[in-house]
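Here's a quick report on two residues and what surrounds them. Have a look at the model first.

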Amino acid sequence: MEMRNRINLELRNRAPEEVTQLVLDNCRCDNGEIEGLNDTFKKLELLSMINVDLRSLARLPNLNKLRKLELANNRISGGLEVLAEKCPNLTHLNLSGNKIKDLSALEALQNLKNLKSLDLFNCEITTLEDYRESIFELLQQITYLNGFDQEDNEAPDSGSEDDEDGDEDDEEEDEAGPFEGYEEEEEEEEDEDEDEAGSELGEGEEEVGLSYLMREEIQDEEDDDDYVEEGEEEEDEGEGEEKEEEEEEESVRGEKRKRDAEDDGEEEDD
């Protein structure tokens, strides 16, 4: 994406004079120069143009309130004198990964009286012997070089400043309103939540129905067992009654035979 188009995108329907932070990292810079950025960004405090193939700062507009400038991973080799003219209140400058080869390229930074932190990681100048001592001597106003002071004490965490900047961004975004499609994403998330809830409810109903059927089946089996036991008991009772009747009949027949035998004995005596 071209830098001019990226700037329009980052504005988010805001006026340039309302913007305090502008991040243009990884966009395309035609002819290695800044384009689309002008003096209307009066309140800009942070500008980031990392990896945009920038070679010159000649078109940098007047940004009197700018405090942080991120220019890492570009092709800048000089022309830094424009910074003191256009950004006199700069406190943090990141030139890591550029074509800075010697101290002469940094001499122009002496005019940045408020500069406190300078980053030169992966620049050719860092291969020079005692380059840190030389830079601290050249730029006596700076406190930190590549994140450390002259006694190798690390720079304090700048999180508090970032939080303040972040709060300002949040306020600006609230005023500008949500991004396009934000409400649609929220509605889609709500629909997904409802679908999940419905799915869980359906599973619960299915489990309840399954449990009910299983209980019914078990109850039916118990009823069948009771029925079989009752039938067997009735059969046993019937057999017992038949046996008693047979025994009674046999007893009656025995008595009858006994009486017949006695009668026959009496007739013979006569």
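Asn146 sits in the loop that runs between strand 6 (144–145) and helix 4 (159–176); helices (H or I, at least four residues) and strands (E, at least two) are DSSP runs, numbered from the N terminus. The model is a predicted one, where local features need pLDDT of at least 70, side-chain atom pairs count only at pLDDT 80 or more, and totals for chains, interfaces and linings use all residues. Residues are numbered from 1 along each chain as its sequence is written, and side-chain values use heavy atoms, with hydrogens and water left out.

Asn146 counts as buried because its relative accessibility is 6%, buried being under 20% relative accessible area (1.4 Å probe, protein chains only). Beyond its neighbours within four places in sequence, Asn146 is in contact (heavy atoms within 4.5 Å) with residues including Leu118, Asp119, Phe121, Thr126 and Arg132.

## Polar contacts of Asn146

What does the side chain of Asn146 join through a polar contact of 3.1 Å? That's the side chain of Tyr131. A polar contact here is a pair of N or O atoms within 3.5 Å; within protein, one must be able to donate a hydrogen and the other to accept it, and residues adjacent in sequence count only if both atoms are side-chain atoms. A polar atom of the Asn146 side chain also lies 2.6 Å from the backbone nitrogen of Leu120.

## Lys86

Over in helix 2 (residues 81–86) there's Lys86, which is buried with a relative accessible area of 15%. Its side chain reaches the backbone oxygen of Leu60 at 2.9 Å.

Terms used. Buried < 20%, exposed > 50% of the residue type's maximum accessible area, 1.4 Å probe, protein only.
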